[in-house]
Amino acid sequence: MIKNIIEAICKFLNGHRCLGVFVLLALNYYQIKKIATSLNSAYCPSKTKAERQYAASPSQVETTTMPGDVFNTTSTALESAEFCLDEHIEYQGKLNISFNHLPLSFEEIAKREGPDETGLFEPKTCTPPKNSRVAIIIPFRDETKALIRTRHLQYLLEHMISVLKRQQLHFRFYIINQISGSPFNRAKLLNVGYKEAIKDDPTMDCFVFHDVDLVLEDDRCLYSCDGNPNHYSVAIDKFRYRIPYKKIFGGIVQLDRKMFKAVNGFSNEFWGWGGEDDDMYRRVVMGENFKIHRKPPEFARYKMIEHKRDSGNRKNLERRPMVNRWNFKALIEKRFWQLDGLNSLEYNVVAKEVNHCFVNVTVDLLYDIRMTPEELLLNELPEIDPKKRVVSI
């Protein structure tokens, strides 16, 4: 039909040159289309899936200053027209992880990996989309004579920074270091890490809560958020790469900013070893009705660096009754976990500095003003009818 129209126009113009031009255009149709497409892409680029997802939230430009003028950083939410896409990641797959050598020093790791002066790593050629601006928060204390935990941290950073760079993330490591003199409080340190990361960069939208002795064995396990509460350390060599129990939510877990605020973070009152991860599982599943996603065990494989339990991390004798609070429907309906978490977090920053390839935050967790067992347990537990085994209010 189009050909007939053009021929009619050519006859009207009383010339055969017009028809000859049409034939040439028809013969070179695909080349002309290719040129037109490239011109259209250059001046009217279409949005990728990642761009559309990122555009769902308003772009921000934030300027923040760390305490003590350690550094100033300006974070721009949209720095490039091109977004990082999963298909552009060059995976290596299974990694050869070994702890049979002395780890690199923090200075050597930074020299090799090249963070900026604030300890931030980000792609050079593209902009990470929404939920790819990640804070990796590590609870820490090293009171060993041989600095064993410090060596664990060196192994972790030596292996993990290159993995996260290949995944094209905007990320920063936060080491939250508890001063001596009180039982180790892993959960409260993680809350502190979240707060400090938000202060430094309000655009951070994904948070990985990461034990220092676990190193990833496969870089296909992505550390960006995906809208689920994620459990990463599902396959650890110490447990023969099998999950220890069905409701585990410890080791390495990930929540985005919205979910972490909804569950009010971790409890601040698990002093000593154990219980805080089980309490967090219940905050997520029973408190806010989120569904936990466990990463595929063929990718989420970790090696644990062998060690003994630290002397300052004694068993928490109150852990069982504190977790058992979740057995009482009346307490859940009262949303008791909203009394203990981010909204009740108190701590003092002793020191904060960039240590080559991470931000080191030394904190006093204020053990002397902790909640008493009576406040946590006895005053909140309703009476139970021993015959019916139901909660009475």
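Does C357 count as buried or exposed, and at what relative accessibility? At 0% relative accessibility, C357 counts as buried. Buried here means under 20% relative accessible area, exposed means over 50%, and partly exposed lies in between, with a 1.4 Å probe and protein chains only.

The model is predicted: local features need pLDDT of at least 70, side-chain atom pairs count only at pLDDT 80 or more, and totals for chains, interfaces and linings use all residues. Residues are numbered from 1 along each chain as its sequence is written, and side-chain values use heavy atoms, with hydrogens and water left out.

Start with confidence. pLDDT is the predictor's confidence in each residue, on a scale from 0 to 100. The chain has a mean pLDDT of 81. Of its residues, 74% reach 70 or more. Two stretches call for care. Over residues 19–27, pLDDT stays under 50. The model has five contacts for residues 19–27 beyond four places in sequence, where a contact means heavy atoms within 4.5 Å. Residues 384–393 also have pLDDT below 50. This stretch, 384–393, has twelve contacts in the model beyond near neighbours in sequence.

Now the interior. A nonpolar core is a set of buried Ala, Val, Leu, Ile, Met, Phe, Trp, Tyr and Cys residues joined through side-chain atoms within 4.5 Å. The largest one has 42 residues. C357 is among those with the most contacts inside it, along with L153, L157, F171, F173, Y223 and Y302. Several elements give two or more residues to this core, including α5 (106–113), α6 (148–166), β4 (133–140) and β5 (170–178). β6 (206–210), β7 (214–216), β9 (235–236) and β12 (301–304) also give two or more. Helices (H or I, at least four residues) and strands (E, at least two) are DSSP runs, numbered from the N terminus. The largest share of the core, eight residues, comes from α6.

L153 shows how the packing reaches across the chain. Leaving out residues up to four places away in sequence, L153 touches F106, I138, F140, I175, V212 and F358. Another core lies apart from the largest one. This other core has 34 residues, L255, M259, Y347 and V361 among them.

Next come the rings. A pair of aromatic rings is described by the distance of the centres and the angle of the planes. Rings of Phe, Tyr and Trp (its six-membered ring) pair if their centres lie within 6.5 Å. Planes under 30 degrees apart count as stacked, over 60 as edge-to-face, and the rest as tilted. The structure holds 14 such pairs. F121 and F171 are stacked, because their centres are 4.9 Å apart and their planes stand at 10 degrees. This pair links distant parts of the chain: F121 lies in strand β3 (residues 120–121) and F171 in strand β5, 50 residues apart. F121 is buried at a relative accessible area of 3%. F171 is buried too, at 0%.

Y223 and Y232 make a contrasting case. Their ring centres are 4.9 Å apart with planes at 55 degrees, so the pair is tilted. Y223 is buried, at 1% relative accessible area, and Y232 is buried at 0%. Elsewhere, Y194, F207, F209, F260 and F266 form one aromatic cluster.

Charges meet rings as well. A charge sits over a ring if NZ of Lys or CZ of Arg is within 6 Å of the ring centre and within 35 degrees of the ring normal. The charged end of R301 sits over the ring of Y241, 3.8 Å from its centre. R370 lies over the face of Y367, 3.7 Å from the ring centre.

Last, the cysteines. A disulfide is a pair of cysteine sulfur atoms within 2.5 Å. That rule gives two disulfides. C84 and C126 form one, with sulfur atoms 2.0 Å apart. Their link is right-handed, with 95 degrees about the S-S bond. C84 sits in the loop between β2 (72–76) and α5, and C126 in the loop between β3 and β4, 42 residues apart.

C206 and C225 form a disulfide with sulfur atoms 2.1 Å apart. The torsion about its S-S bond is about 85 degrees, so the disulfide of C206 and C225 is right-handed. C206 lies in strand β6 and C225 in the loop between β7 and β8 (230–231), so the pair ties together parts 19 residues apart in sequence. Both C206 and C225 are buried. With bonded cysteines counted along the chain, the disulfides follow the pattern 1-2, 3-4.
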